[in-house]
Amino acid sequence: MKFDIQSISDILICPKCSSNLLFQNESISCNNCTFHFTIDEGILLSNPENSITDNRILKEKEFYEENPFPNYDELESPFSLISKAERANFPKQINDLLPFRIRILEAGCGTGQLTNYLSFSERQVIGTDLSVNSLKLGNEFKNKHSLDRSMFIQMNIFEPCFCDESFHLVISNGVLHHTPNPELAFQILTKLLKKHGYIIIGLYNKYGRLSTHIRRIIYNLTGSRLDFLDPHLRRKDISEIKKQMWFMDQYKNPHESSHTFEEVIKWFESNNIDFVSAIPEFDFGTTNKNIFAKQNIGTELSRKLKQLLMVFKRYNEGGFFVVIGRKRA
Ligand SMILES: C[S@@+](CC[C@H](N)C(=O)[O-])C[C@H]1O[C@@H](n2cnc3c(N)ncnc32)[C@H](O)[C@@H]1O
């Protein structure tokens, strides 16, 4: 399956006015306004800073230009991406359980590990992010290992450059809570999803995030990075550069919000998305063997208890939860 800029001309639109684009040799410009993409080593750059009016988005962009997340270390290879995906489980499940020849969007892909990993199989995977420096790292990895089914595009989620219903799967992991309006960002992403397509979102949990907030206060008071306090920073299998990016992402980020299971259920309901499953599960007695298989959504009580348990979990990845949904017909 050929995957180059020309091959996505059917889904790409102008992020400013949603008009069709004109593809001519090495340039892509809007038919209707002055917008054009610039192309840098195969990455499509939309230069969103020219039109972003919300200072919070600009600050996030600046932050992730300086601190591309999660970053790569010199030992990272396709093989290490595969073994990490197997340990993390959920990327492997996406890879194992979804059909080939589908289009996937990762919105807020950071340095593109998941985008590149998912492109190993016969699928078109587009990683988008605000941060050019993050996209460049993902693209370097892609080129170094001759991956030809991933592509990187600079996109602000609030100004999408794709037609509605372009993707079979949309993933946005750890991104919406860094935007000024996570619910609106979610709504925009669901529009890009085909009917019956899946959406996977990862967010900070209001309860699960408590221990991070406490550590942040301690770090700010002591003015130092006390690695032993954070389970992720204590790990021996992570390089110093990745630990540094984790520390910045978790404790020095200019903006973050945290969310509850109930909130996400409401977002799903008002955007025509059926709940499929969650990590951690919303109910007791269910296990996540297949994230695309319908799970019990639980009760208000089970969801409250499950969130409270996140407070006491020894290693809770920064109080993170993932919810998988499916667009109705
Ligand atoms: C914590 S990182 C997550 C990266 C990746 N998804 C992961 O799980 O490793 C958050 C990413 O969201 C991106 N981001 C924040 N606001 C965004 C927006 N409005 N549009 C697109 N990307 C955004 C940042 O540039 C950053 O790369």
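**Notebook: salt bridges, ligand shell and cysteines**

I began with Lys84, which is partly exposed at a relative accessible area of 30%. For such labels I used these limits: buried is under 20% relative accessible area, exposed is over 50%, and partly exposed lies in between, with a 1.4 Å probe and protein chains only.

The model is predicted, so I kept to its rules: local features need pLDDT of at least 70, side-chain atom pairs count only at pLDDT 80 or more, and totals for chains, interfaces and linings use all residues. I number residues from 1 along each chain as its sequence is written, and side-chain values use heavy atoms, with hydrogens and water left out.

**Entry 1: salt bridges**

I took a salt bridge to be a side-chain nitrogen of Lys or Arg within 4 Å of a carboxyl oxygen of Asp or Glu. Side chains of opposite charge can pair when their charged atoms come close. I recorded a count of 23 salt bridges under this rule.

Lys84 pairs with Glu76, and their closest N and O atoms are 3.1 Å apart. Glu76 is buried, with a relative accessible area of 4%, whereas Lys84 is partly exposed.

I then looked up Glu165, which forms a salt bridge with Lys195 at 3.2 Å between the closest N and O atoms. Glu165 lies in the loop between strand S7 (150–154) and strand S8 (167–173), and Lys195 lies in strand S9 (residues 193–204), so the pair ties together parts that are 30 residues apart in sequence. Helices (H or I, at least four residues) and strands (E, at least two) are DSSP runs, numbered from the N terminus. Both partners are partly exposed: Glu165 at 35% and Lys195 at 45%.

Asp227 and Arg225 also meet through their side chains, at 2.6 Å from N to O. I noted Asp227 as partly exposed at 23% relative accessibility and Arg225 as partly exposed at 22%. Elsewhere, salt bridges link Glu49, Lys61 and Glu65 in a network.

**Entry 2: ligand surroundings**

Which residues are closest to the ligand? I found Gly108, Asp129, Asn156, Ile157 and Asn173, from a shell of 18 residues; a residue counts as near if one of its heavy atoms lies within 4 Å. The shell divides into eight nonpolar, seven polar and three charged residues. For these classes, Ala, Val, Leu, Ile, Met, Phe, Trp, Tyr, Cys and Pro count as nonpolar, Asp, Glu, Lys and Arg as charged, and the others, Gly among them, as polar.

A ligand oxygen is 2.5 Å from an N or O atom in the side chain of Asp129. A ligand nitrogen is 3.0 Å from a polar backbone atom of Ile157, and a ligand nitrogen is 2.8 Å from a polar backbone atom of Asn173. The ligand taken alone exposes 600 Å², of which the protein buries 93%; accessible areas come from the Shrake-Rupley method with a 1.4 Å probe.

**Entry 3: cysteines**

I searched the whole structure for disulfides, defined as a pair of cysteine sulfur atoms within 2.5 Å, and the search finds zero. Cys17 is in no disulfide, and its nearest cysteine sulfur, that of Cys30, is 3.5 Å away. I noted Cys17 as partly exposed at 28%, while Cys30 is buried at 8%.

**Entry 4: Ile171**

Ile171 is found in strand S8 and is buried at 0% relative accessibility. I noted that Ile171 and Lys236 are 65 residues apart in sequence and 29 Å apart in space, C-alpha to C-alpha.

How values were computed. Polar contact = N/O pair within 3.5 Å; in protein donor to acceptor, adjacent residues only side chain to side chain.
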